[in-house]
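Thanks for coming, everyone. I'd like to walk you through one structure today, so let's get it up on the screen.

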Amino acid sequence: MKPLEDYLVVDFSQFLSGPSAALRLADFGARVIKIERPETGDICRHLYTSNVIMNGESSVFHAINRNKESFAADLKREADRAQVWELVRRADVVMHNYRPGVMERLGFDYASVRAQNPSVVYGEISGYGPDGPWRDKPGQDLLLQSVSGLTWLSGNADSGPVPMGLSIVDMLAGAHLAQGLLACLVRRSLRGEGGLVQVSMLESAIDFQFETLTTFFNDGGQLPQRTRHNSAHAYLGAPYGIYQTQNGYLALAMGSIPKLGELLGCSALLAYPDPKQAFDQRDDIKATLAAHLRTAPTEAWLAVLEPADIWCANVLRWDQLLAHEGFRGLDMAQTVHMTDGYQYQTTRCPIRLDGELLTSAVGSPQLGQDNARLQQEFMVSNVRQDA
């Protein structure tokens, strides 16, 4: 058995952050019932973030909502609300990612749910927290990357602010919510107590930078300085960065500059024997190194550096990664199936338990596909009727 089998999760969330947390709970064996609006459903079904449409809906929706059930309900209609309450009363976890105040207006806030389900573990994600001047701002990933200072850590010094190429704050907030929910479930199993888990995207984005912010707090408030060339970490010296080679790119982490000079046959690097120079003169070092590495292919440099235990790597595209035996050995891809027969390939849960992979062949749900079955199971005497 998976560790969360027999746990019921009622998930009101949509788009990325909340559904990513629910996905992880589903991977651990929880039964996740996704509450969606009739006709339109989760906004992520149709708010396309790519030009890849799968079975009529966004590829992102399918990636993040596999292994869930869908119950379509209009929370402004009393008959539908009554049916959702039947689910909520039996839930171990109730969660959402609406802006502060929305669930109170809908009547499914923590206080209301707890009054009818005292041991519930209730989770919520907001953009900027439950209080403060930003509480009602939209919690969108790019906006959170921007206000949190995160965009000033990537790219070269003259690049301006550079966002990450992923919805990283959404995913971090989802991971933090899943962690908090699991912690409360452990407490509930020991003491019978439920609890409220609150996560904001802004706090998750700030926590993501705990290493660099700690340096900032204790460095007299000096802002991070990215290098002009091959920047990869504002607080690390040369050679840290990605460099173009004759036929591709090479990533170099921390290492001795003179040792690199010897191994690579670059005598100019021998002029930097003092470890302090790796930071103080990192732009000069990186410029020298970048020019030298363009003279030979990536494989030639790896053949010299890897046996010498220098931290380095080829810079792979997805097609190269998926063809590599290192990826194939992980068995990270899985094929899942929808109830209408459509199937697609996606990734599996990255966590192993007791040496076993956490996989499931259940794909994402069609909107409202589980209404009839859930009505029969949870609310036989409460058939849907027009308000």
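**Salt bridges, sheets and a helix pair**

Let me begin with one side chain: Asp-136 is partly exposed, with a relative accessible area of 45%. Before I go on, please keep in mind that this is a predicted model.

So who does Asp-136 meet in a salt bridge? Its partner is Arg-135, and the N to O distance is 3.4 Å. Arg-135 is partly exposed as well, at a relative accessible area of 29%.

A search over the whole structure turns up 16 salt bridges, and I've picked a few to show you. One joins Asp-319 and Arg-317, with 3.1 Å from N to O. Here Arg-317 has a relative accessibility of 52%, and the cut-off for exposed is over 50%, so Arg-317 counts as exposed. Asp-319, with 47%, is partly exposed.

Another one links Glu-86 to Arg-89, where the closest N and O atoms are 3.2 Å apart. Both residues sit in helix α3, which covers residues 78–90, and they are 3 residues apart, about one turn of the helix. How accessible are they? Glu-86 has 23% relative accessibility and counts as partly exposed, and Arg-89, at 35%, is partly exposed too.

There is also a network of salt bridges, and it links Arg-31, Glu-69, Asp-370, Arg-373 and Glu-377.

Now to the sheets. Which strands make up the parallel one? This is an open sheet of 6 strands, in the order β5-β2-β1-β6-β7-β8. At its edges stand β5 (69–72) and β8 (195–200), each pairing on one side only. From one strand to the next, the twist averages 20°.

Two packed helices are described by the angle between their axes and the distance between the axes. What are those two values for α3 and α16? The angle is about 65°, and the axes are 10 Å apart, with α16 spanning residues 371–378. For anyone keeping track of handedness, the crossing is left-handed.

On the α3 side, the residues that meet α16 are Gln-83, Glu-86, Leu-87 and Arg-90. Across from them in α16 are Gln-375, Glu-377 and Phe-378. By class, that contact has 2 nonpolar, 2 polar and 3 charged residues.

Is Phe-108 buried or exposed? With 0% relative accessibility, Phe-108 counts as buried. You'll find Phe-108 in the loop between α4 (102–106) and α5 (110–116).

What surrounds it? Setting aside neighbours within four places in sequence, Phe-108 is in contact with Phe-12, Leu-75, Arg-81, Val-84, Trp-85, Val-88, Met-103, Val-113 and Tyr-122. As a reference distance, the C-alpha atoms of Phe-108 and His-96 are separated by 9.7 Å, and the two residues are 12 apart along the chain.

Last stop: the other sheet. This one is open and antiparallel, with 3 strands in the order β9-β10-β11. Why do β9 and β11 each have a side without a neighbour in the sheet? Both stand at the edges, β9 at 241–244 and β11 at 312–314, and each has a single partner strand. Neighbouring strands here are turned by 25° against each other on average, ignoring direction.

Looking at β10, residues 249–252, its antiparallel pairing with β11 has 3 bridges. Within that pairing, Ala-251 has Ala-313 of β11 as its bridge partner. Helix α12, residues 282–293, packs on this sheet, touching β9 and β10, and its direction makes about 40° with that of β9.

Key. Residues numbered from 1 in each chain as written. Predicted model: local features only at pLDDT ≥ 70, side-chain atom pairs only at ≥ 80, totals over all residues. Heavy atoms only, no water. Salt bridge = Lys/Arg side-chain N within 4 Å of Asp/Glu carboxyl O. Helix = DSSP H or I, 4+ residues; strand = E, 2+ residues; numbered from the N terminus. Buried < 20%, exposed > 50% of the residue type's maximum accessible area, 1.4 Å probe, protein only. Contact = heavy atoms within 4.5 Å. Pairing = 2+ DSSP bridges. Axes fitted to C-alpha atoms, helices over the stretch in contact; angles between N-to-C directions. Left-handed = near helix turned anticlockwise from the far one by under 90°. Nonpolar A, V, L, I, M, F, W, Y, C, P; charged D, E, K, R; others polar.
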